[in-house]
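Please look through the structure shown here, and then follow the explanation below, which goes through it one part after another.

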There are 2 protein chains.
Amino acid sequence: MSSAHGRPAVVLLSGGLDSTTVLAVAKRDGWSVNALTFSYGQRHAHEVERARAVAAKAKVARHAVATIDLAMFGGSALTDATVPVPKDRATEAMSSGVPVTYVPARNTIFLSFALAWAEVLGATDIFIGVNALDYSGYPDCRPEFIEAFEALANRATRAGAEGGARFTIHAPLMKLHKREIVALGASLGVDYGDTTSCYDPSPDGGACGRCDSCQLRRAGFSEAGITDPTRYAV
Amino acid sequence: MSSAHGRPAVVLLSGGLDSTTVLAVAKRDGWSVNALTFSYGQRHAHEVERARAVAAKAKVARHAVATIDLAMFGGSALTDATVPVPKDRATEAMSSGVPVTYVPARNTIFLSFALAWAEVLGATDIFIGVNALDYSGYPDCRPEFIEAFEALANRATRAGAEGGARFTIHAPLMKLHKREIVALGASLGVDYGDTTSCYDPSPDGGACGRCDSCQLRRAGFSEAGITDPTRYAV
């Protein structure tokens, strides 16, 4: 594993299982982590507090929380309280088509802000916890999306105009199953009790146990043979 | 000129000369205009009020103003009050290198939000007033940037994942000189008195007359032989 020797990177951190694992990978690989979290009008705003806890425990170099309003556009169960979060879906249903929990252009927006911060920091490396295997319905979690954003980053920026440093978008979980992500994080000492995955938590942050995200998390821990610290409602 | 027959498009509208002209072009071509403006912590926040005036006069279908904080990252004279806006620069200086008024990844962020809104509206067309001729220093105003964003849009979205409709990023001013932009807008009835260009206006919105943007605007009107309604401080 090559070391980044303390060079700065921007790590997108939602406070969920995947991005928290990515943060641990970035630290393992020697990056100085600048964590970026969004309060975007999500139904599960509780995750912003989880992100703060994760960032503090990981002793990141900087943690920024950007407030943006994606609810103004609507179009997703995660930002529109009138669109119910699907519950108790079978695994096959989760992997066919684009789910209503898809937030239009969310990862494009998140990566754009990460790019802005990276450019100001003099960083050329951005980490994102997308994963194409266990939940293939989100268009902006696929390898071709990440490749297209990397190409864009190298044209959009000062470095792109003047030559020199090239941006790399790191997606270290892209080809891992949830059980492998859990095992990886556990091996790096991640405290998954700090993380949240539920799309539709109770007001105190409790996990529903029935949305796609809860189901995938539970199955991942179970298959990895690791205890999930989450308390589920059902 | 083909007509869009009232199909919806998202038009990025800053309240400046270029984006206001683009809005007029989109209307001429038969698009139902959904104008999107950003309050992003810019020094010249006055332009948001100009955008509201432009959108109202143009009777757009919808006008949304998104609040985002690009000042949190700094790195630009337009978002950092401690970085002075350059004044009285010669034309050659304006066209060499990336100016300090460049806001890192700004157009990437703006287009990302436009993409989100377009996806929710069922629109596949986005208009942006970038221009590569008279002010070539901004990396995110070049044709290769627009092409890269278009490629990204077609991978980032529901349409990209499911096939079907393709996104087009329209940059109708890309290859026009400022004098041609002014003449085009004037021929379409644009009231440039509603627009603002100054990077460093006085508190009442008055134009400084000395920043790059004021100089380019003045020269454009002068070369087009059209009276600039702006009152400049000098």
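In this predicted model, the buried residues of helix α5 of chain B are F145(B), I146(B), A148(B), F149(B), L152(B), A153(B), N154(B), R155(B) and A156(B). The elements that cover these buried residues of α5(B) come from both chains, and they include α4 (106-121) and α5 (143-156) of chain A, together with α4 (106-121), α6 (158-162) and β5 (168-170) of chain B. The length of α5(B) can be checked against its residue count: the 14 residues of this helix, 143-156, should span 20 Å at 1.5 Å a residue, and because the end C-alpha atoms are 20 Å apart, the two values agree.

One of the elements that cover α5(B) is α4 of chain A, and this helix deserves a description of its own. Helix α4(A) has 16 residues and reaches 23 Å from its first C-alpha to its last, which is close to the 22 Å expected at 1.5 Å a residue. Of these 16 residues, 15 are buried, so α4(A) is largely enclosed by the rest of the structure. The residue that follows α4(A) is G122(A), which has a positive phi near 75°.

For α4(A) and α4(B), the packing angle is about 170° and the axes are 9 Å apart. Since angles over 145 degrees count as roughly antiparallel, the two helices α4(A) and α4(B) are therefore roughly antiparallel to each other. The contact is made by T108(A), I109(A), S112(A), F113(A), L115(A) and A116(A) on the side of α4(A), and by T108(B), I109(B), S112(B), F113(B), L115(B) and A116(B) on the side of α4(B).

Two copies of a chain are related by a rotation about an axis and a shift along it. Here, a rotation of 180° with 0.0 Å of shift along its axis superposes chain A on chain B, with an RMSD of 0.0 Å. That is the relation of a two-fold axis, and the same surface serves both copies, in that 100% of the contact residues of chain A recur in chain B.

Within chain A, helix α7 (residues 178-187) and helix α8 (residues 212-224) pack at an angle of about 65°, with their axes 7 Å apart. Helices α7(A) and α8(A) are therefore roughly perpendicular to each other, and their crossing is right-handed. To this contact α7(A) contributes K178(A), R179(A), I181(A), V182(A) and A183(A), while α8(A) contributes L216(A), A219(A), G220(A), F221(A), E223(A) and A224(A). In chain B, the axes of helix α7 (residues 178-187) and helix α8 (residues 212-224) come within 7 Å and cross at roughly 65°, which makes α7(B) roughly perpendicular to α8(B). The crossing of α7(B) and α8(B) is right-handed.

Some single residues complete the tour. Most residues other than glycine have a negative phi. K59(A), however, has a positive phi of about 50° although it is not a glycine, and A105(A), which is not a glycine either, has a positive phi of about 60°. Are these residues buried or exposed? K59(A), whose place is in the loop between α2 (46-57) and β3 of chain A, counts as exposed because it has 8 C-beta neighbours inside 10 Å. A105(A) lies in the loop between α3 (91-94) and α4 of chain A, and with 29 other C-beta atoms within 10 Å this residue is buried. In chain B, E162(B) is found in helix α6 and counts as exposed, with 11 C-beta neighbours inside 10 Å. E162(B) and L12(B) are 150 residues apart in sequence, and their C-alpha atoms are 26 Å apart in space.

Definitions and conventions:
Residues numbered from 1 in each chain as written. Chains lettered and ligands numbered in written order. Predicted model: local features only at pLDDT ≥ 70, side-chain atom pairs only at ≥ 80, totals over all residues. Least-squares fit on C-alpha atoms with pLDDT ≥ 70 in both. Contact = placed C-beta atoms within 7 Å. Helix = DSSP H or I, 4+ residues; strand = E, 2+ residues; numbered from the N terminus. Expected span 1.5 Å × (residues − 1). Buried ≥ 20, exposed ≤ 12 C-beta atoms within 10 Å, placed from the backbone. Axes fitted to C-alpha atoms, helices over the stretch in contact; angles between N-to-C directions. Parallel < 35°, antiparallel > 145°, perpendicular 65-115°, else oblique. Left-handed = near helix turned anticlockwise from the far one by under 90°.
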